[in-house]
Every structure is written in structure tokens, then in C-alpha cells.
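Q: Could we go through this structure together? I would like to begin with the ligand and then turn to the fold.

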Amino acid sequence: MDAKRHFRNLALVGFMGVGKSSTGHLLAEALDFDLVDTDTLIEETVGKTTAQIFEEFGEAAFRDLESQVGLLLEGRTRVVIATGGGYAVNPQNMQRLKTHAMVVCLWASPEVIFERVRNQDHRPLLRCPDPLGKIRKMLSEREAAYRQADVLVNTEQRTNREVAHQILHHFQSACP
Ligand code: S3P
């Protein structure tokens, strides 16, 4: 990590189901930062759920909205940013995040992710006959992008609280 970088914010990236929103809540509380969830911000701006946006306007439109949200975030201070799973796949989004935030990637294997998301149905990309196969494929396609994060944290067999604790340690060491 570049020691000269100054972090005003903390951003969480990573695949669906790794715990970005729940861990983000804990981090925001501990740091007394606001929590911004990029999916929620998009949903509030458009007035539709992510699933509706995918269905009515298509994935490309959703990705454009994600990039627009990225511009808004540049002006923010003392926020924990929980990104949607595809957010950091766009190199411009990742680059922009790094100008103001320490970027932490939460990681889990496809099997663990599948167990965590199998009873949820709000994610349009996993509404398919073989969600585990889809997770394996997408995660391998996205891995290189996620690895551009400043810090990689394994979330397997650990509670959100334990994960948040480790991230706090990284963040506080980088912001003395
Ligand atoms: C997506 C992840 C979702 C949401 C959208 C697309 C992805 O966010 O942005 O369904 O491409 O991985 P979560 O990671 O919060 O589920």
C-alpha cells in the first residue's frame, strides 16, 4: 500500500454475499462514519430496486449508474462505502475509489458464497438454474479486479465482527 496516500474513507469491495453491507455497518459504527451502500444509493436515485433496474433497463444501465455514484462519492468524507459486487470490476471505479478511500476486498470461496446467498432472491445475476456454477465462473473472471484492493480479507469461518475488527486494525494503522 502506498504510504503517502491519505484515506478519508473506507471502501469495501468483493463478490455478492461476502458481507460488505453487514461489515460496513459495524465499521461505520466503530469509526463514527456514515455508511453509504452503492446499491441503495442507486435504488434511491432511480426509485426502483436493483432487480427492477436490471429487468427494465439492463445491466449496462446499472453499471453506468454505479460509475455515476462513484463520482458523487469522491466528494465525501468519513464514510464507509459498501459497494455492489460488480462495482470494482470496472477499473475506473476502483481507481477512483483509491483516490479517497482505503479499499478492502472481502473474500470467500464460491461454495461459501453459495451457502450464504442460496436462500436470498434479490440478486438478478444469481437468478439462474445453476447459481453455484455462475458464482464460480463470475468469481474467477473477477478475481484479478478484486485483487487490486489495498487489503484482502478472508471472511470464511469468521463472524462479521471479527472481520470488521481486522479491517479496523488495517485502517487505523494506515491513518495514524
Ligand atoms: C452485483 C451485486 C449486487 C448488485 C447487483 C449486481 C454483481 O450487490 O450490485 O445485483 O454484479 O455482483 P451485492 O454484492 O451487494 O449483492
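Q: How far is the polar side-chain atom of R123 from an oxygen atom of the ligand?
A: The model is a predicted one. In it, the distance between a polar side-chain atom of R123 and a ligand oxygen atom is 2.6 Å.

Q: What about R142 and the ligand?
A: R142 also places a polar side-chain atom 2.7 Å from an oxygen atom of the ligand.

Q: And which part of G85 is involved, backbone or side chain?
A: The backbone: one of its polar atoms is 2.9 Å from a ligand oxygen.

Q: How much of the ligand's accessible area does the protein cover?
A: On its own the ligand has 390 Å² of accessible area, and the protein covers 94% of this.

Q: Which residues come nearest to the ligand?
A: There are 14 residues around the ligand, and the nearest are K20, D39, R63, R123 and R142.

Q: Turning to the fold, what is the strand order in the sheet?
A: The sheet is open, with 5 strands in the order 2-3-1-4-5 and parallel pairing.

Q: Why is one side of strand 2 and of strand 5 left without a neighbour?
A: Strand 2 (34–37) and strand 5 (151–154) are at the edges and have a single partner strand each, so one side of each has no neighbour in the sheet.

Q: How many bridges join strand 2 to strand 3?
A: The two parallel strands are joined by 4 bridges, with strand 3 spanning residues 79–82. D34 has V79 as its bridge partner in strand 3.

Q: Which strands does helix 1 touch?
A: Helix 1 (residues 20–31) packs on the sheet and touches strand 1 (9–13), strand 2, strand 3 and strand 4 (101–107). The directions of helix 1 and strand 1 make an angle of about 165°.

Technical notes. Residues numbered from 1 in each chain as written. Predicted model: local features only at pLDDT ≥ 70, side-chain atom pairs only at ≥ 80, totals over all residues. Heavy atoms only, no water. Pairing = 2+ DSSP bridges. Contact = heavy atoms within 4.5 Å. Axes fitted to C-alpha atoms, helices over the stretch in contact; angles between N-to-C directions. Near = heavy atom within 4 Å. Polar contact = N/O pair within 3.5 Å; in protein donor to acceptor, adjacent residues only side chain to side chain. Areas by Shrake-Rupley, 256 points an atom, 1.4 Å probe, with all protein chains shown as cover.
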